[in-house]
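Please open the model in a viewer and keep the sequence panel beside it. The stops below proceed from selection to selection.

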Amino acid sequence: MIFDTVILAGGSGTRMGCDKLLLCVGEDLLLARAIEPFVNRNDIGKIILVLRKDIFDVGRAIAERYGLSKFLFVKGGDTRSQSVENGLKEVRAEGVLIHDGARPFVTPQLLDRIVLSVQQFGSGIPATPITDSVRMVEDGLICNIAERSKLYTVQTPQGFLTQQIMQAYRMRNGCDFADDSAVFAEFIAPPHVIIGDERNIKVTTLGSYFGLNAKIGIGYDIHRLERFRPLVLGGIQIAYDKGCVAHSDGDAVIHALIDALLSAIGERDIGTLFPDTDPKYKDIDSTVLLSEVVALYRKKNYKVSNVSIIIIADKPKFADYLPLMKIKLGNLLHISATLIGISAKTTEKTREEEAIEAYATAIVT
Ligand code: MG
């Protein structure tokens, strides 16, 4: 069975305060990521883009990447149901998939399941069970307790036999429906549910967008320990008779963290930014270097979401210092200490020389 696909990009995205379809997810537009899974499948015929007037050119530009002959372009309506109806008018294939342009993470496996369900049962609606309990609230009071095991959230794409969903839309008589399974259920039959995909989220809020757009960085550092040097880690003085050998103060934790932060935003590493051949950095307090990286972040409009660090050393024991380190690093990064995770490990005495090693990862938006 061949399926035409209707992709809805007709809404205004008012909940975001900006046009979410034109935001970047990774290196591409959200709308492009929503279209891509449907291209180059043998079971997909035409892709019908239902576009708001002002993003017509964007939709066309995305379609040009894959060859315009696969695509049709249709104007969006005043409501979701009207937009779907405009798209359905162009469908000629036996089956149809209807998809929200704000869902950029459709997998081939999910499409396989939907297509199979339409072939077997005449419809395929991806849905995931609700994990939170749900209550109906009226005037600030809980008035109904629903049985959670029967509650699901529905996703798109939703698959149907073209004749049936078209008939359902003809019967809707101007009413607006939240999704196509609701129209189908009202006028045709209970639609068939298949297991959805947790990753197949709809971008509706700035929070969900920033989650998608996060970058990750990784950093590493190691310093040898030597007698009669101060030991500073994570900006905290540690009581021990040895300290790190370094041009700077040898704070391996902050050095790994700086590299993670620089790496996340595609900058050169700590050694390039603060060369150890420059006398300016002799014995420098590494918190000063971290503050410079924080200033760079502010200039480039990046924010640290969370940081995770591992310190590896046989001695000394760090457990008592970790809460202090978290507070210190939180203050330097201007984030809560609860967003900083630090764990300490030993090498199981597998090393010949005593050293302090640190790994750091950072999520950045
Ligand atoms: Mg270092």
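Contact, as used throughout this tour, means heavy atoms within 4.5 Å. This is a predicted model, in which local features need pLDDT of at least 70 and side-chain atom pairs count only at pLDDT 80 or more, whereas totals for chains, interfaces and linings use all residues. Residues are numbered from 1 along each chain as its sequence is written, and side-chain values use heavy atoms, with hydrogens and water left out.

**Stop 1: the two domains**

Colour residues 3-209 as domain 1 and residues 215-364 as domain 2; these bounds come from an automatic or database domain assignment. The C-alpha centres of the two domains are 46 Å apart.

**Stop 2**

Select L333 and display its surroundings. Leaving out residues up to four places away in sequence, L333 touches L257, L261, L290, V294, V304, V307 and I340.

Buried means under 20% relative accessible area, exposed over 50%, and partly exposed in between (1.4 Å probe, protein chains only). The largest such core has 47 residues, and L329, L333 and I356 have the most contacts inside it. Elements that each supply at least two residues of this core include α8 (252-264), α10 (286-300), α11 (322-333) and β19 (355-364). Helices (H or I, at least four residues) and strands (E, at least two) are DSSP runs, numbered from the N terminus. The element that gives the most to this core is α8, with 10 residues. A second, separate core of 32 residues includes F3, I7, A32 and V118.

**Stop 3: helix α8**

Among the buried residues are H255, L257, D259 and L261. From its first C-alpha to its last, α8 reaches 18 Å, close to the 18 Å expected at 1.5 Å a residue; the expected span is 1.5 Å times one less than the number of residues. Just after α8, G266 takes a positive phi of about 75 degrees.

**Stop 4**

Select H223, which lies in strand β13 (residues 215-227). Is H223 buried or exposed? H223 counts as buried because its relative accessibility is 12%. The side chain of H223 reaches the backbone oxygen of V245 at 2.9 Å. Setting aside residues up to four places away in sequence, H223 touches C244, V245, A246, G250, A252, H255, A355 and I356.

Move on to E357 in strand β19. E357 is buried, with a relative accessible area of 11%. Beyond its neighbours within four places in sequence, E357 is in contact with Y220, D221, I222, I310, I311, I312 and R351.

**Stop 5: strand β6**

Finally, select strand β6 (residues 95-100), where six of six residues are buried. Both faces of β6 are covered, with G95, L97 and H99 on one side and V96, I98 and D100 on the other.

Strand β1 (residues 3-9) pairs with β6 in the parallel sense over six bridges, and V6 stands opposite I98 in β6. Strand β11 (residues 158-161) pairs with β6 in the antiparallel sense over four bridges. The bridge partner of G95 in β11 is L161.

Methods:
Core = buried A, V, L, I, M, F, W, Y, C linked by side-chain atoms within 4.5 Å. Polar contact = N/O pair within 3.5 Å; in protein donor to acceptor, adjacent residues only side chain to side chain. Pairing = 2+ DSSP bridges.
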